[in-house]
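Dear colleague,

Please find the structure below. I would be grateful if you read the notes after it with the model open beside you.

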Amino acid sequence: MATKPMHLAWFMNFTPDEWREPFGQGGSPWDGRFYIEMAQTLERACFDYIMIEDKLMVPQTYGGSRDIALKNAMMVPKHDPAPLATAMGMATSRLGVVATMSTMAYPPFLLARLCSTIDSLTRGRFGWNIVTSAEDLAAKNFNMDKLPLRETRYEMADEYLEVVNKLFASWDTDAVVLDRENGIYVDPSKVRTIDHSGKHYQVRGPLNTVPSPQQKPLYVQAGASPRGRDFAARHADSIISVASGVKEMKAFRDDIRLRAEKIGRDPDEIKVLFCITPTLGETEFEAREKYKRQLSSEHFIIDTLSSLSAITEIDFAQFELDQPLPEKLVTNGESGTLDKFQQWGSGKTLRELVVDGGGGLVSSVELIGTPDQVAERMGEVMAEVGGDGFLITTPVLRVSRRYLAEVADGLVPALQKRGLARTSYKHELLRDTLREF
Ligand SMILES: Cc1cc2nc3c(=O)[nH]c(=O)nc-3n(C[C@H](O)[C@H](O)[C@H](O)COP(=O)(O)O)c2cc1C
C-alpha cells in the first residue's frame, strides 16, 4: 500500500446547494458566503484546490424543454465562477481556486487579463479549467448556430493557448521596477507586443496587467477524447477525469504520461485527479443504507438523466428506463462522459446505468464505508493507479455542509493518519503546491 500522500481537490458548481434535503443550508447561495465557508473548510483540510465548473446556457435537451432543469435546479441557475473564485481566494491563504472558462466564450486577451488579475488578487493561487464548450445551445449565445466539430474546437484551443501564453510572457517578470528616484514604475524595455496573427486569432498585445505571482494561472483540463488527451498532455498542470474503475484509471494516467513524454514534457509536472463521490457513515452498514437511499430517491434518476442530456445534447427522456439503450450513442459534446455512462455492450437498462457506480457520471470508483475504510481503499486505489490524487464531489453535484464535514473532518484525518494526505501546506503558489509531491 502506498504511503505517498495524494493530491486532493474539490469539484463544485456555483448552483444551489442540497436544497431539497433536510441538511441543506436552507438559504440563498448567491451571496457566495456558503461557498466561501466551503473553501475555508477545504483549506483547513489542506486540499490542493477547489474547482468551480461552468456551462453557458440554460439546458433544454431533456424532454425538449427547460422545465425540468429549472424546476429541479439542475445546471441552472448557475452563476459566474470567476468572481466567486476571487472571493474564495481572498478569504483563504493557501488553497488554490480554479474557475472554468470557455475558449469559445472569451476572447484570449480578455481571458489572459482576467486570469492575471485574479492570480494577483489571490497571491498566486488561481487556476483556469480550460474548456472548449460542448453544447450547441451555448454556441447560440456567442454568435454561432452550432459548435465547431471537436477537432476544430481543439485546433482553435491550441492556438488560443499559444496566444495567452505569449500574452503572459509579454511582460518580463521583473518589468515592474517601482523606482521612485528615477520616476519609473515599469521598465518599457521589458514589455513587448506579441503580434500574433494566426488562423483563428489576431492579437497584438502586450497584456496591460503586471506579471502575476504565477505569471500564468495553473492550467486544469479534462480532455477525454484522443484529441482532448493530446491537448491536456501538452498544456495542463492538472487533469481531471472520470474513469470506470481502477484499471481504466491506471490506463488513462499511463496514456497521459506517455503523450506528455512524446512531446518532451516531464510527466510528473501533470497531476491526474480522478473524480470520486465517497459515501461515508459511522458504520459500513449506515454508509450502505445512505447510499441505497440516495440512489432510490425519486429525483435522483431524473436529475442524473437531465444533467447528462444537457452535457451530451441527447434527450434521455425519449428512452425506456427499464430497457437497454437502443443503439450506441454518439455526440459532438462531452463524449468521454457519455461513453463512460452508456457502458455500451453491457446490456444494462437505462435505470441500471444511472444507479451504477453512484450515478455513473462522476464516480471513478465505488467508495462506501467508514472514513477509515474509505481512506484505506483510496490508498489501495492510488497505489494501483500509480498516483496522483482525487477530485471529490457528490453524485448530482449538490452539496451540504454536512457532507463537507464528513469529508474534511472524517475522511481527510483518516487519510492523514495513514500518511496519505498532507497535514500542512509548504508553499504559497498553487503550482508549487501541486508539484510538492
Ligand atoms: C471532472 C470534469 C469536469 C468538467 N467540467 C467542465 C466544465 O465545467 N465545463 C465544461 O464545459 N466542460 C467540462 N468538462 C468537460 C471537458 O471539458 C471535456 O469536454 C470532456 O471531458 C470531454 O472530453 P473531450 O472534449 O476530449 O471529448 C468536464 C469534464 C470532467 C471529466
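The model is predicted: local features need pLDDT of at least 70 and side-chain atom pairs count only at pLDDT 80 or more, while totals for chains, interfaces and linings use all residues. Residues are numbered from 1 along each chain as its sequence is written, and side-chain values use heavy atoms, with hydrogens and water left out.

The ligand is surrounded by 19 residues, each having a heavy atom within 4 Å of it. Glu 53, Asp 54, Tyr 154, Ala 222 and Ser 225 are the closest. By class, the shell holds eight nonpolar, six polar and five charged residues. Here Ala, Val, Leu, Ile, Met, Phe, Trp, Tyr, Cys and Pro count as nonpolar, Asp, Glu, Lys and Arg as charged, and the others, Gly among them, as polar.

Several N or O pairs fall within the 3.5 Å limit for a polar contact. For Ala 222, a polar backbone atom is 2.7 Å from a ligand oxygen. The protein buries 94% of the 610 Å² that the ligand exposes when taken alone (Shrake-Rupley method, 1.4 Å probe).

Thr 15 lies in the loop between β1 (7-13) and α1 (33-44); helices (H or I, at least four residues) and strands (E, at least two) are DSSP runs numbered from the N terminus. Thr 15 is buried, at 5% relative accessible area, where buried means under 20% (1.4 Å probe, protein chains only).

How values were computed
Buried means under 20% relative accessible area, exposed over 50%, partly exposed in between (1.4 Å probe, protein chains only). A polar contact is a pair of N or O atoms within 3.5 Å; within protein, one must be able to donate a hydrogen and the other to accept it, and residues adjacent in sequence count only if both atoms are side-chain atoms.
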